[in-house]
Amino acid sequence: MFAHLNVSGAASGALTTGETLTGGTSGATAIVESITSLGTANITGVPAAHPPVVTMSAGHNFKEGQQIVIASVSGMTQINTTHTVKNPTATTFELFQVATATNSTPSAVDTTTSTAYTSGGTAVHTVIILN
């Protein structure tokens, strides 16, 4: 049984409906029934901070602990990857590293020495239904 599914790396974004997934440790298998983009938000600001507080002026629906993918940020391009949402409000959340099986308490992302955020970007949370 899959209790938590985090797909990143080469398979990220490459799953298709009907595909069979196999657990690396358990050997459990499941078939992808559906893939849904549950939430998308347009990023309007990211400060150089530890952790950075991402702002979306139109709001978002992300929840504590969800993994999201940030893409198309200009300037601070190193945050264009997968992150864990922490301390969400109606229009902000803090960026933390990705939670893994060996790191269930992810650490805060540090952007204090990063290139300044200039514009754009989206944050997306995707739900994959398995059977």
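This is a predicted model: local features need pLDDT of at least 70, side-chain atom pairs count only at pLDDT 80 or more; totals for chains, interfaces and linings use all residues.

Over the ring of which residue does the charged end of lysine 86 sit? The ring is that of phenylalanine 96, with the charged end 5.9 Å from its centre. A charge is taken to sit over a ring if NZ of Lys or CZ of Arg is within 6 Å of the ring centre and within 35 degrees of the ring normal.

Residues are numbered from 1 along each chain as its sequence is written, and side-chain values use heavy atoms, with hydrogens and water left out.

Next, the aromatic pairs. Rings of Phe, Tyr and Trp (its six-membered ring) pair if their centres lie within 6.5 Å; planes under 30 degrees apart count as stacked, over 60 as edge-to-face and the rest as tilted. The count is one aromatic pair. Phenylalanine 62 and phenylalanine 93 form this edge-to-face pair, at 5.7 Å centre to centre and with 80° between the planes. Phenylalanine 62 lies in the loop between strand E3 (53–55) and strand E4 (67–71), and phenylalanine 93, 31 residues apart from it, in strand E6 (residues 92–96). Strands are DSSP runs of E, at least two residues, and helices are runs of H or I, at least four, numbered from the N terminus.

Phenylalanine 62 is buried, at 4% relative accessible area, and phenylalanine 93 is buried at 0%. Buried means under 20% (1.4 Å probe, protein chains only).

Finally, the protein has zero helices and seven strands.

Key: Buried means under 20% relative accessible area, exposed over 50%, partly exposed in between (1.4 Å probe, protein chains only).
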